[in-house]
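These are my notebook entries on a structure that I went through piece by piece.

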Amino acid sequence: MLADTLSETLQHLENAAKAAHRPTPALLAVSKLQPASAVAELARAGQRAFGENYVQEAQAKIGELAGMDLEWHLIGHLQSNKAELAAQLFDWVQTVDRHKLIGALSRYRPADRAPLNVLVQVNIDDEASKHGCRPDEVADLAEAIAAEPRLRLRGLMAIPAPHPDTARRIDAFRRMQALQDQLAAKHPGVDTLSMGMSDDYALAVAHGATMVRIGTALFGARPAP
Ligand SMILES: *Cc1c(COP(=O)(O)O)cnc(C)c1O
């Protein structure tokens, strides 16, 4: 069943990208609160990259599915006291938004693993309830990440406000794309702009997303925590 939903979602992504004359973005399957068995089912259907919000929940799942050669992304807020564990568990951390995390992630990235892929999370709509740095802090954080040999700066991530007005949403995606262009001009390794979720991924793809993070549209509604 999940295999059907996966192929439909991939088809939608491809169509949205084609319509916008853009390359098809990478699909991150957001598996927070979903059981390891659902992740395994999607993995058997060919999905490799999974996103988790909570470090401890991810730790259990990553352990359970260790044999499946999956790629794990942290997309939830990272507390400094969990940076050590996150640096050991994940392949990507998409939620770096302050200097304190950068040193800790680098220090604790195990020497026998590839450098940790990092995205800077931007609070693009300046929402009090959301984490992420201000747009004018991106350049400085990016410099600090790029200077760490155990980290690899890959780009930016955002969760724009779910504004009912489509024009306002498009505006947020465009501001992210502009920030991404500035960043890529300075840092040649930057190739990832992570934005777009179940409700708005087609719009995000049309406005420059290279990675979309989709949970509900793939797995169905999440069980209560
Ligand atoms: C939960 C979550 C998603 C996926 O949301 P859906 O609406 O279920 O697709 C994407 N990104 C982040 C940061 C999330 O926390």
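Predicted model: local features only at pLDDT ≥ 70, side-chain atom pairs only at ≥ 80, totals over all residues.

Entry 1: I looked up Phe50 and found that, at 0% relative accessibility, it counts as buried, where buried means under 20% relative accessible area, exposed means over 50% and partly exposed lies in between, with a 1.4 Å probe and protein chains only. Residues are numbered from 1 along each chain as its sequence is written, and side-chain values use heavy atoms, with hydrogens and water left out.

I then searched the whole structure for aromatic pairs and found 1; rings of Phe, Tyr and Trp (its six-membered ring) pair if their centres lie within 6.5 Å, and planes under 30 degrees apart count as stacked, over 60 as edge-to-face and the rest as tilted. The pair is formed by Phe50 and Trp72, whose ring centres are 5.8 Å apart and whose planes stand at 35 degrees, so it is tilted. Phe50 belongs to strand E2 (residues 49-52) and Trp72 to strand E3 (residues 71-74), so the pair ties together parts that are 22 residues apart in sequence; helices (H or I, at least four residues) and strands (E, at least two) are DSSP runs numbered from the N terminus. Trp72, at 3% relative accessibility, is buried too.

**Entry 2: the nonpolar cores.** I next asked which residues of the largest nonpolar core touch the most other members. A nonpolar core is a set of buried Ala, Val, Leu, Ile, Met, Phe, Trp, Tyr and Cys residues joined through side-chain atoms within 4.5 Å. This core has 63 residues, and those that touch the most other members are Phe50, Phe90, Leu105, Leu156 and Met176. Helix H2 (residues 36-44) gives the most to this core, with 6 residues. A second, separate core has 8 residues, among them Leu28, Ala49, Ile75 and Met211.

I also followed Leu156: setting aside residues up to four places away in sequence, its contacts (heavy atoms within 4.5 Å) include Leu119, Val138, Met176, Leu183 and Leu193.

Entry 3: UniProt, in an unreviewed entry, places the feature "modified residue: N6-(pyridoxal phosphate)lysine" at Lys32; UniProt positions are given in the numbering used here, feature names are shortened, and annotations may be inferred rather than shown by experiment. I located Lys32 in the loop between E1 and H2, and it is buried, with a relative accessible area of 16%. Beyond its neighbours within four places in sequence, Lys32 is in contact with Gly51, Glu52, Asn53, Tyr54, Glu57, Lys61 and Arg222.

One of these contacts, Asn53, lies in the loop between E2 and helix H3 (55-64) and is buried at 14% relative accessible area. With the neighbours within four places in sequence left aside, Asn53 contacts Val30, Lys32, Leu74, Ile75, Gly76 and His77.

Entry 4: H1 has 18 residues and reaches 26 Å from its first C-alpha to its last, close to the 26 Å expected at 1.5 Å a residue, the expected span being 1.5 Å times one less than the number of residues. Which residues of H1 are buried? They are Leu2, Leu6, Thr9, Leu13, Ala16 and Ala17. They cover an arc of only 95 degrees around the axis, which puts them on the same side of H1; the arc is that of the directions from the helix axis to the C-beta atoms. Lys18 and Ala19 are exposed on the face turned away from that side.

In H3, I found Val55, Ala58, Lys61 and Ile62 buried. Seen down the axis, they fall within an arc of 125 degrees, so they line one face of the helix. Their cover includes H2, E2, E3 and helix H4 (83-89), while the face turned away carries the exposed residues Gly63 and Glu64.

Entry 5: Most residues other than glycine have a negative phi. His21 sits in the loop between helix H1 (2-19) and strand E1 (26-30) and is exposed at 75% relative accessibility.
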